[in-house]
Amino acid sequence: MKLTKKTTALAILATATIGLATAASNIAFPPLGPLPPPPIPTDNPMSAAKTELGKKLFWDSRLGGDASSPCVACHFPELGWGDGGEISRGYPGTQHWRNSQTVLNSAYYNKLFWEGSVTSLEGQAPSAAEGNVAGNGDPSLMEMRMRFIPEYVADFKKVFGLDWPRMTHAYQAIAAFERTIVSDAKQVPFDRYANGDKSALNDAQKRGMALFNGKANCIQCHNGPLASDQKFYALGVPENEVFKTEPLFQITHRWEHYQKGVTEKAYRDAGLDLGLYYITKHPKDVNKFRTPSLRELKYTAPFMHNGIFYTLDDVVDFYNQGGGTGPNKSPLLKALGLNDTEKKDLVAFLEALSMDKPLLMESPKLPPYQPMKVAK
Amino acid sequence: MKKLTLLATALAGSALLASGAYGYDAGAVAGVGKIAGKVSFKGAAPAPRQIAITKDVGICGNGNREVVEVAVKGGALKNAVVYVTKIDQGKAWGAPEKPLLDQKGCSFTPDMLIVKKGADLTIRNSDPTLHNIHTYEIIGKVRRTMFNVGQPDKGDIKQAVNVKRANAIKIECDAHDFMHAWAFAADNPYAAASADNGSFSIDGLPAGDYEVKAWHPVLGEQVAKVSVKAGATANTAFEFSK
Amino acid sequence: MTHRNLKHLTAALALAGLASAAFAQSPTPAPALQPLPEPKFNKAQADLGRYFFFDVRMSGDAALSCATCHDPAKGWADGLPLAKGYPASEYFRNAPTLLNATLKNRFMWDGRLDGSDAGTLVRDMMTEAHTMNMDGRLAQERVKQVPEYVAMWQTAVKKGDDPNGMRIFNIIGEFVKSLRSQNAPIDKFLKGDATALSAQAKAGFDVFNGKGNCVACHNGPVGSDGKLHNTGVPENPAVTAEPLRHITLLRHYSTSGMPNYMNTHTDVGSYAITKNPKDKGKFATPSIRDLKYTAPYMHNGMFATLDEVIDFYDKGGGAGSVLKPLGLSGTEKQALKTFLTEAMSGDPVTVDIPKSPAYQARTFGKN
């Protein structure tokens, strides 16, 4: 699958440079700016019929083990396309162990999940649908279910030319639908400002923008149109207290370590989310997580990989003190010395990276099962 | 927690019970009045959500479940909780102290439950299938899991309503994504949910001036100031809109 | 397996002094029913396995346990023609009894699992998406979260051992091994007590061994030859009328690698496994012990009563059957039925049903 990285980079350069800090040290970072259209892989082109099918599948709980947990259950439009909780729910009898990330603008990431475990939306969907603390679905069973839903049989024929629905194509349709869940630049105050409307940001937001690019130096990692460099850093975010006291969370925490294939010692001592380490197994990657985009934060509380910060004020306080303590803590985080007004201004600017109104949509009507006609 | 209990005990005086953690003393009251009124909704109510029933159709029904978030009938708004925000002593708790939530026909009953903060909620499974209640405390834009418990068989379990700071509780079933309800975790027993016709009534209130709020799960909150006189009913109304 | 059978066979013949009328003059010993041997199982593991057997947390969403379809109060089956499945699925075959299961040569109606490996049977049931949909590693961590289970594990396995997923299956397997019929009159009779059966039951036994020739396939300790046969049992219309069952049937075919699975809407039995056209419609001979408790009968529960079963065999089975009509009289049929319910069925088998102990918080970071 080819991501159009080159096109994106050109788009960034073509965009007027806005808000670049005057400090020389920040010239290296790509500036914030409106997002280009999301990259489309050549082997999963978009079409209206495909995204419509993908929307139905996104809402359909029959894609999962016990028909309890469709994608939408943890990526709910009214909850910022996440699940609004610190740690995501799982299917009945389980809890997940990380914060559910928003689907908004997920089309732009080159890696999905907090530890970057998959490299496409097409790869994220099966991880979630089949994950044993997520959807717990079996692909062969989910696929057979779709084959007993005549409307899906017709949809897959129309969209993919298949005689029978296939799970791989279901994931492609879902990915295509997710590529439509993106910020509308006309609705984002910062994007309007970047596109020429100098009144789109108020004074507090403009001051905040200057802090973002200067004194607060958020731009070091939260840069480019996505407001994320998509790299991995450890911030010393404190562990979520639920892991100390709640059985369901403890079960998942151990399970994650066991099934990710860490050493026995790492499993037995597991008292921390090791982040990128699970992928690379390199000690320097312990506790590192992928920089999330700062778009749509108005709708995606709480924040961080374990959802411990409920408000942007809390987040800014955390960075103002220089982050927390923990392994591989990034040297980029330093105490900022922001006063109360500066903190408020910074939050005001962060909110200006969100659409004025949340992106909501009606639930699709889901088609029923029908008995299959069989020859007598 | 301990500090509040000591404070409550100190305030006890003629109180029959120390209420525990949340600083309200329940006991005998005299010279009481009532707050009554109506909650209304202006404009066209948003359409209910339609969620497909994709499992247990023999128990939960066929087709779609209609989830009504804004229940309006002839301009009257149902399930807005009208409550007194601050009162230190007053009547006994009554029903909110022994709350019961039923899961029947894959629906929560009632769909708006008033519970005492910290009370043990009896959760009943009346259906021959797994229900898995998952409650969330709504703190600003965040929903914090309060408890998440499976009930594979019919019967009752108890879970404590231990909110950290908020009143609003969302109730869902992890096994059936079309089951939704709300609860209001009250600091005192002076809370009532508006009925079908929008009416509400809060009685046994000692005479005095009170701040009264009307909270609706998706429409937000309204405030009013009410003066209650002994033996009389103070009328107040709330109007919500989209 | 053959040696064990021969030993028991010789002993049984010597003790019972039965004449096996159908196969006189044959050089190999004639097939015959045999008494139940003493069960062999690890007691400590079977006790822990009993807890797991009744614990709903052994299924993915904690909705059902092994006991849901293998209910002691229902003959360790479920009393339904077709078993239910994991939530949002339904099953396409009948749940057989677990009594004496591990004495069978093969497990499952299509005989696809080896009867000597109870652990694999349990793994199949627990991890299969349409039965319990449990990830073995997650089951392990759930077990670890219950202090009573961790403690019992030390005794059942060895001190200092951690609960681990694969061993959970074996431990439940030990419990399954312990489930045996109790006090079936046939066992006393086969060991020499002629008073153990009533006159009518004895007459039924004669039909069983003689005119009915049931013993040709229903022999050995549980009344099963451990082989696959086609008796032409009619299809159960519910399998194709109910999408949730039909889905499971076709998915079973597809995951078994059976060709043309989207166009196969009948239960083809072991053909799905062997892909040999000769095996279409063949099912494993089930046990005929404790039939008093395990209605309805056959791989798809199509016969609600033993009268229906006997009538079916009397007419030589259904289309494609290898059986021949029997020509039984009404008296003979009654006697045969009495033999099956009175002689072959023992006392109800009960166990102490444990209350599943709750999860408790552990010290975080000490795993």
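**Exercise 1.** Is the crossing of helix 2 of chain A and helix 6 of chain A left-handed or right-handed?

*Solution.* This is a predicted model, in which local features need pLDDT of at least 70, side-chain atom pairs count only at pLDDT 80 or more, and totals for chains, interfaces and linings use all residues. Residues are numbered from 1 along each chain as its sequence is written, while chains are lettered from A and ligands numbered from 1 in the order in which they are written. Helices are DSSP runs (H or I, at least four residues), numbered from the N terminus. Step one: helix 2 (residues 48-59) of chain A packs against helix 6 (residues 150-160) of chain A at about 145°, the axes being 9 Å apart; axes are lines fitted to C-alpha atoms over the stretch in contact, and angles run from 0 to 180 degrees between N-to-C directions. Step two: a crossing is left-handed if the near helix is turned anticlockwise from the far one by less than a right angle, and right-handed if clockwise. The crossing of helix 2 of chain A and helix 6 of chain A is left-handed.

**Exercise 2.** State how the radius of gyration of chain A agrees with that of a compact globule.

*Solution.* The radius of gyration is taken over C-alpha atoms, and the globule rule is 2.2 Å times the number of residues to the power 0.38. For 376 residues the rule gives a value near 21 Å, and chain A, with 22 Å, agrees. The C-alpha atoms of chain A fill a box of roughly 80 × 50 × 30 Å along the principal axes.

**Exercise 3.** Find the ipTM and pTM of the model.

*Solution.* The model scores ipTM 0.91 and pTM 0.91.

Note on methods: Helix = DSSP H or I, 4+ residues; strand = E, 2+ residues; numbered from the N terminus.
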